[in-house]
Structures are given as C-alpha cells and as structure tokens.
Amino acid sequence: MATISSGEFERIFKELYKPLCLFALRFTEKTEDAEDVVQQVFADVWDKNVNHVVIANIKSYLFQAVRNRSLTLIAQSTDMQQTTEFLADLEDTSEEEQMYQAERDARLWSAIDGLPAERKKIFLLSKRDGLKYQEIADELHLSVKTVENQMGKALKALRETAKRIYCFLFGVA
C-alpha cells in the first residue's frame, strides 16, 4: 500500500478504532489503557505514513501493533507470573480468530449502544461493573423489579441482535 491520504486514514480510523479498542481490552483489561494503546498505534502508523513507510496490509498491521503494544504495557505493569499465564492462554487463538472476535465484540457493543439510555446504563452497571440488581436499584433510585425488567428487555434485544448476526454470517434462515 502506498502512502495514504488523510481522508483514507480517517476512514480506516473510524472503521477500526472500536474493534481495535475491544481487541486491546482483551489484553489490558482497562478501557483507558486500551484506548491509549490504539491511539498510540494510529499515531505511529500516521508517522510511518508521513515518512513514506509502506505498510502492505494496514488492517493486519494495526491488529498486530495493538497486540504487541498491549503486551508490552501489561508486561510493564503486572506481575510477570500473571503475564506469563495470560500469554500462554492467548497462544491458543490465531491472529485471524482474534480479529474475528474483536469484530464480533464491536458488533455487540454497537447493539449495546443502540439500547435506550436508561436500559443501557442498567445493563452496563450489571455486566460491565458487576453490580447486583439491588445495588443498581439503590444507585439509580429505582425498584429492584424495574431493574430486573430492564435487564430482561436488554438481554432479549441483544439475543435478537446476536441471532441476526449469526444468520447473516452463516446463511441460516
């Protein structure tokens, strides 16, 4: 690939930013760290582009660079024994499978983003933050029953989205 225009770079950024962040999150386990990693990788790619360094497969390069930078970050910030165990688990999945998982996660996050605001908030407090229904109800000044109902509706909507994605990918009617 020859040097890319700023418009093409912006398109690539918009297309791959979220999947790359989700991919990095598998390693870093912190949203802020994942975003920092991805932003730095995009900055490095732009620097290479400005200096006329040719990257043959930009998507593959980005995923590999995010993986490498994420592993460097966790190696610097965690106990080496935990890092070694984590890396041993990662060896079982191929780069293509990791990219597929990141893209699947991006579709899931898009579906979560599509939930009504209050339902999304309840869902994320439960699934992302690990709060119990009672804790969510207390924090949002709702009844536990309302939290249960909203979670049920959120899960139903996400299951429907997952079914549509599955049917699209595998041609199941």
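Methionine 99 is buried, with a relative accessible area of 16%, and its place is in helix 5. The model that holds this residue is predicted. The protein chain comprises eight helices and zero strands, and 32% of its 173 residues count as buried.

**Overall chain**

- Read along the sequence, the elements of the protein chain follow the pattern α-α-α-α-α-α-α-α.
- Among contacts in the protein chain with a separation of 6 or more, 62% join residues 24 or more positions apart.
- The protein chain exposes about 10,800 Å², and carbon and sulfur atoms supply 53% of that area.

**Nonpolar cores**

- In soluble globular proteins, nonpolar side chains tend to be buried together.
- The largest nonpolar core in this model has 26 residues, and those with the most contacts inside it are Leu20, Val38, Phe42, Leu62 and Val66.
- Two or more residues of this core come from each of helix 1 (6-28), helix 2 (31-50), helix 3 (58-77) and helix 5 (95-113).
- Helix 1 gives the most to this core, namely nine residues.
- Another core lies apart from this one; it has 14 residues, among them Ile122, Leu124, Leu140 and Leu158.
- Leucine 62, one of the residues with the most contacts inside the largest core, touches Ile12, Leu16, Leu20, Val41, Phe42 and Val45 when residues up to four places away in sequence are not counted.

**Helix 2**

- Helix 2 has 20 residues and reaches 29 Å from its first C-alpha to its last, which is close to the 28 Å expected at 1.5 Å a residue.
- Its buried residues are Ala34, Val37, Val38, Val41, Phe42, Val45 and Asn49.
- Seen down the axis of helix 2, these buried residues fall within an arc of 130 degrees, so they line one face of the helix.
- An α-helix has 3.6 residues a turn, so residues three or four places apart point the same way.
- Just after helix 2, histidine 52 takes a positive phi of about 60 degrees.

**Aromatic pairs**

- A pair of aromatic rings is described by the distance of the centres and the angle of the planes.
- The structure holds six aromatic pairs.
- The ring centres of phenylalanine 9 and phenylalanine 42 are 5.8 Å apart and the ring planes stand at 85 degrees; because an angle over 60 degrees counts as edge-to-face, this pair is edge-to-face.
- This pair links distant parts of the chain, with phenylalanine 9 in helix 1 and phenylalanine 42 in helix 2, 33 residues apart.
- Both phenylalanine 9 and phenylalanine 42 are buried.
- For phenylalanine 13 and tyrosine 17, the ring centres are 4.9 Å apart and the planes are at 35 degrees, so the pair is tilted.
- Phenylalanine 13 and tyrosine 17 both lie in helix 1, four residues apart, about one turn of the helix.
- With a relative accessible area of 28%, phenylalanine 13 is partly exposed, whereas tyrosine 17 is buried at 19%, under the 20% cut-off for burial.
- Ring pairs link Phe9, Phe13, Tyr17, Phe42 and Trp46 into a cluster.

**Selected buried residues**

- Methionine 99 touches Lys59 and Phe63, not counting residues up to four places away in sequence.
- Methionine 99 and serine 60 are 39 residues apart in sequence, and their C-alpha atoms are 8.6 Å apart in space.
- Asparagine 49 is found in helix 2 and is buried, with a relative accessible area of 9%.
- Leaving out residues up to four places away in sequence, asparagine 49 touches Thr3 and Ile4.
- Glutamine 150 is found in helix 8 (residues 144-170) and is buried, with a relative accessible area of 17%.
- Apart from its neighbours within four places in sequence, glutamine 150 is in contact with Arg119 and Ile122; Ile122 is among the residues of the 14-residue core.

Note on methods. Residues numbered from 1 in each chain as written. Predicted model: local features only at pLDDT ≥ 70, side-chain atom pairs only at ≥ 80, totals over all residues. Heavy atoms only, no water. Core = buried A, V, L, I, M, F, W, Y, C linked by side-chain atoms within 4.5 Å. Buried < 20%, exposed > 50% of the residue type's maximum accessible area, 1.4 Å probe, protein only. Contact = heavy atoms within 4.5 Å. Expected span 1.5 Å × (residues − 1). Arc of directions from axis to C-beta. Areas by Shrake-Rupley, 256 points an atom, 1.4 Å probe, with all protein chains shown as cover. Phe/Tyr/Trp six-rings, centres within 6.5 Å; stacked < 30°, edge-to-face > 60°.
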